[in-house]
Each structure stands twice: as C-alpha cells, then as structure tokens.
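Dear colleague,

Please find the structure below, followed by a short account of what was found in it.

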Amino acid sequence: MSSGMLPENLVASKVTDVEGKHNIDQLETEEPALEKMENIEAMSKRQRKKLVKQKQWEEQRNLRKQKRKEKRLKRKLVRQSQLESSNEGSFRKRMHKDVAPSTLRLIIDCSFDNLMELKDVKKLHKQIQRCYAENRKALHPVQDIHIKSEHYSELMKKEDLVYLTSDSPDVLNELDESKAYVIGGLVDHNHHKGITYKRAQEQGISHAQLPLGIFVKMNSRKVLAVNHVFEIILAYLEKRDWEEAFFTVLPQRKGAKPVNETIEASTCKPQKSEIVQDEISDSD
C-alpha cells in the first residue's frame, strides 16, 4: 500500500459520516417546511373565511348605499311633512277664527246601488270622500257627515227636506239654512233620467233644481258629480253669489261659459241663431 492511498475502512467511514450528516441536515430542513405548510394550510382556512366575508361585504355595498339613501330621503320627507303640518296648522289657526258653520244640512241619497255597476259605485264612494274633505276646508261648513243605515225620511221631517234634481220645475234661488237638501247619489251617465225627481214625488217631499241654466251655458248636455253639487253649495254659502259659486267649482273641461257672454256673442252674428240651453243634471 502506497503512502498516498487511504485505508478502505477509513474512506467508508468518512463517506458514511458525510451521508449521515446530509440526512440529518435534510431532516432538519424538512421539519420546518412541514410546520410551515401546516401553518399555511391553517392560515388559508382563516383567509378563506376572510375572503368570504369580504365578498359578502362587497356584494352588500350597493344595498347599504341604497338603505342610506332611503334613510336620508325618509328624514327629508319627515322634515317636509313637519314643516307642511306646521304651516297648515298656522293656516288652520288663522282660518279657524273666520270659520262659521252653517246650520244647513246636506244629504246624499245612497239608495241607488242596484242601478249602478260596481265601477260607478266606486266612483260615488270617491265623490263622497271629496265632499267630506271639502267640507272640512270650507269657511261655512255644513253639518258633519254621518253615515246612516236608516232612510233620511225616517230621521227628519218631510217639510225640512228638499230634493235637488234638474228635472224639477222649481228653481232654487236662495238656500234656506234651516232645510236639509238631498243630493241623489247616482252615477248613471244619464241612463236613468228623471229618477231623482220621481223619487222626490213618491216620497212627497219638496224638490228644486240649482239655477245653473240661468248663469251657465255648457257646450253640450252635461251632468254634475255629487261632489260638484256639494262644493257649489259650500261656495254659495261663502260667496252668496250663484254665478261665482258655479264658476269656482265647475271644471274647465265642461266648457262652461256665462250665459250673458254667450248671448252677447250670438247677437253679434249677422245671421239669426237660436240659443238652446242644455238641461243639466245635478245628481250624477
């Protein structure tokens, strides 16, 4: 054996030592890696939850924005309502000093349901609601509105009743505030002409028509809704002028014009013309 060669057992020993050291180093390296992977796996679960929450938060962002907008709008409407109530309250307080209730009574005869379709009954209901609202705002409101199942002829004397009907030959020039005026609660589009006049005759009570034809000229034969008749009477109680009362209440779409204006216009024409006054029903 030459001096430059190492013994075989010594070489093997050194190789073994090197391999053993490498294995130890590898184990030492792998253990932290496993721990790190476990930590990463554990963190990923928490991260997933966090991501889910974040996604939900993002998805609900528009909803939260809408809710905030609705809250702001609601607060605005509340403030506006409070302001309007305050102004209305002040107005009512000022008006209250001038309000002088009338002793006149108005009755709406609702015994015509069997003659109306359901849609017309609903229209009548809305018209009565309008009467109630207008009466509350009037300077000279009539007696409070009460709903009674009994017939009006059972609740008051016949001599105190006056049925308002356009078919009556009698014209109402003045309102007697000791009387109770009956308005026919009928929305029939003129299908039952003369029925309210016939009803008044059958019951043996007085009847009259509003002086509409004296002051108003219509484009065609028109009927007045229940609330229009009601409002005209309220307006007359305030103004004491039939013409002013009519033109305060009648809607423009009915083409109402003062009779005097119509006569003057017709007399200016070179050819002869006849003025025909259309009949108007007060109980629609």
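Exposed means over 50% relative accessible area, buried under 20% and partly exposed in between, with a 1.4 Å probe and protein chains only. Helices (H or I, at least four residues) and strands (E, at least two) are DSSP runs, numbered from the N terminus.

This is a predicted model, in which local features need pLDDT of at least 70 and side-chain atom pairs count only at pLDDT 80 or more, while totals for chains, interfaces and linings use all residues. Residues are numbered from 1 along each chain as its sequence is written, and side-chain values use heavy atoms, with hydrogens and water left out.

The buried residues in H3 are Asp 120, Leu 124, Gln 127, Cys 131, Glu 134 and Asn 135. They lie on the same side of H3 because they cover an arc of only 100 degrees around the axis, the arc being that of the directions from the helix axis to the C-beta atoms. These buried residues pack against strand E1 (105-109) and helix H7 (226-239).

Asn 135 counts as buried because its relative accessibility is 6%. Apart from neighbours within four places in sequence, Asn 135 is in contact (heavy atoms within 4.5 Å) with Pro 141, Val 142, Gln 143, Phe 230 and Leu 234.

In E1, 4 of the 5 residues are buried, so the strand is largely enclosed by the rest of the structure.

Yours sincerely
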